[in-house]
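Morning, everyone. Please have the sequence and the model open while I talk. I'll go residue by residue, then step back to the whole chain.

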Amino acid sequence: MKEIYSVKEFQKRRKRAFKLFLPCLTLMFGSLFAMIFGPRDVEIDWVVYGLAGFFVSIGAQLVVFLSIYRCPLCNTIPMLTEGSILTGSYEKGIDLAPKVCPTCGARLK
Ligand SMILES: [Zn+2]
């Protein structure tokens, strides 16, 4: 019962995270577009606004992921780990399709 809950809840969070991810991506590419193709002969410096938008969108993406993309049971972010008992595991990045939570072992898929 607990396992089914974690799968359902995590997939819901995953969907929500990706849905919020889309406008961030749009803003990121919009900023890049404004930076490259924005008018140069006006008072507004599009390069500055483009850069600002670009970094804001990257920050927003991180915030979205770090706040939503979490295991429903232990509330940690599923990270990709690599290594063995000999080398020790280290964090490599966020796992975008985790089967089980690396921290508590709850089923996520
Ligand atoms: Zn967990």
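Let's start with Asn-75, which counts as exposed because it has 10 C-beta neighbours inside 10 Å. The cut-offs: buried takes 20 or more other C-beta atoms within 10 Å of the residue's own, exposed takes 12 or fewer, partly exposed is in between, and C-beta atoms are placed from the backbone. Asn-75 has a positive phi of about 65°, although it is not a glycine. Where is Asn-75? In the loop between helix 2 (46-68) and strand 1 (79-82). Helices (H or I, at least four residues) and strands (E, at least two) are DSSP runs, numbered from the N terminus.

Two ground rules. Residues are numbered from 1 along each chain as its sequence is written. This is a predicted model, where local features need pLDDT of at least 70, side-chain atom pairs count only at pLDDT 80 or more, and totals for chains, interfaces and linings use all residues.

Buried or exposed? Cys-71 is buried, because 22 other C-beta atoms lie within 10 Å. Leaving out residues up to four places away in sequence, Cys-71 touches Phe-10, Thr-76, Pro-78, Cys-101, Thr-103, Cys-104, Ala-106 and Leu-108. Contact here means C-beta atoms, placed from the backbone, within 7 Å. Arg-13 is 58 residues from Cys-71 along the chain, and their C-alpha atoms are separated by 8.8 Å.

Which residues form the largest nonpolar core? There are 5: Phe-10, Cys-71, Cys-101, Ala-106 and Leu-108. A nonpolar core is a set of buried Ala, Val, Leu, Ile, Met, Phe, Trp, Tyr and Cys residues joined through C-beta atoms within 7 Å. In soluble globular proteins, nonpolar side chains tend to be buried together.

Lys-8 is in helix 1. Lys-8 is exposed, because it has 12 other C-beta atoms within 10 Å. Lys-8 and Lys-109 are 101 residues apart along the chain, yet their C-alpha atoms are separated by 8.1 Å.

Ile-58 belongs to helix 2. It is partly exposed, with 14 other C-beta atoms within 10 Å. C-alpha to C-alpha, Ile-58 and Leu-25 are 8.3 Å apart in space, and 33 residues apart in sequence.

**The whole chain**

The chain has 2 helices and 2 strands, in the order α-α-β-β. Of its 109 residues, 11% are buried. Take the contacts with a separation of 6 or more: 50% join residues 24 or more positions apart.

Last, confidence. pLDDT is the predictor's confidence in each residue, from 0 to 100. The chain averages 83, and 83% of the residues score at least 70. Confidence is highest in helix 1 (residues 2-37), at 86, and lowest in strand 2 (residues 90-94), at a mean of 70.

Methods
Contact = placed C-beta atoms within 7 Å.
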